[in-house]
Amino acid sequence: AQVKEVLQRDEVRAAFGRLGEEIGSGKLQVREDRNVATDVGLRDHVLHLALSFSAIYLRPALEALFGKMIPRTHDKDSVNLFRFMMAHLTKNADLTAKYNVSGAQSTLSTNPMYFAELNKVMMNNFLRLVVLLEATKQNGVLDSAPPLFRREATLHTPAGAMQAKMYKSTRDVIVAFTSDLLSGEGDV
């Protein structure tokens, strides 16, 4: 419940509003040659960036942001978080319905409007998640103030264990995200 309270704070709501304005105006946009729906490597990169945050922060932030509980079906929590983010951070049921694209065929769609909107939704979701994670840490919401970023290089995903790049600051995550995906002149 504590992270949900951070979600309602004025500074977080204002940051979300500014993100919405920057994305809506096109000042922040995913590069045209990038498509998170069809490029599995790019999708996984975005998910790995999110998974660089500690699960202690990431789980409650995702649950608060999306209003859904994340199932604990695997003994490695990063696998559960990866699956949840794949379904909610990089996909959107409303858009698949709007563009009449089945979930299984979303990567096969050739509708550029679908891809453009999906990229906007993914970017907005990712950046809102990062804002919420940072605000949660800054406000000392979690007991004992654990580190915001995971400490081990081994990351468990549905594809198995891998050595993943480690980030030490929210700024580093944002820089990696913007340099790999974004075009435009917006202020992240």
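Contact here means heavy atoms within 4.5 Å. The structure is a predicted model, in which local features need pLDDT of at least 70 and side-chain atom pairs count only at pLDDT 80 or more, while totals for chains, interfaces and linings use all residues. Residues are numbered from 1 along each chain as its sequence is written, and side-chain values use heavy atoms, with hydrogens and water left out.

View A. T157 touches H48, V79, F82 and M162, residues up to four places away in sequence not being counted. Its relative accessibility is 9%, so T157 counts as buried (under 20% relative accessible area, 1.4 Å probe, protein chains only).

**View B. Packing of helix α3 (residues 40-51) against helix α5 (residues 77-88).** The two axes, fitted to C-alpha atoms over the stretch in contact, lie 10 Å apart at an angle of about 130°. The contact is formed by R43, D44, L47, H48, A50 and L51 of α3 together with S78, L81, F82, M85 and M86 of α5. By class, seven of these residues are nonpolar, two polar and two charged.

**View C. Burial of helix α3.** Nine of the 12 residues of α3 are buried: L42, R43, D44, V46, L47, H48, L49, A50 and L51. The elements covering them include α4 (55-66), α5, α7 (112-138), β2 (154-157), β3 (160-163) and α8 (170-181).

Key. Axes are lines fitted to C-alpha atoms, for helices over the stretch in contact, and angles run from 0 to 180 degrees between N-to-C directions. Helices (H or I, at least four residues) and strands (E, at least two) are DSSP runs, numbered from the N terminus. Ala, Val, Leu, Ile, Met, Phe, Trp, Tyr, Cys and Pro count as nonpolar, Asp, Glu, Lys and Arg as charged, and the others, Gly among them, as polar. Buried means under 20% relative accessible area, exposed over 50%, partly exposed in between (1.4 Å probe, protein chains only).
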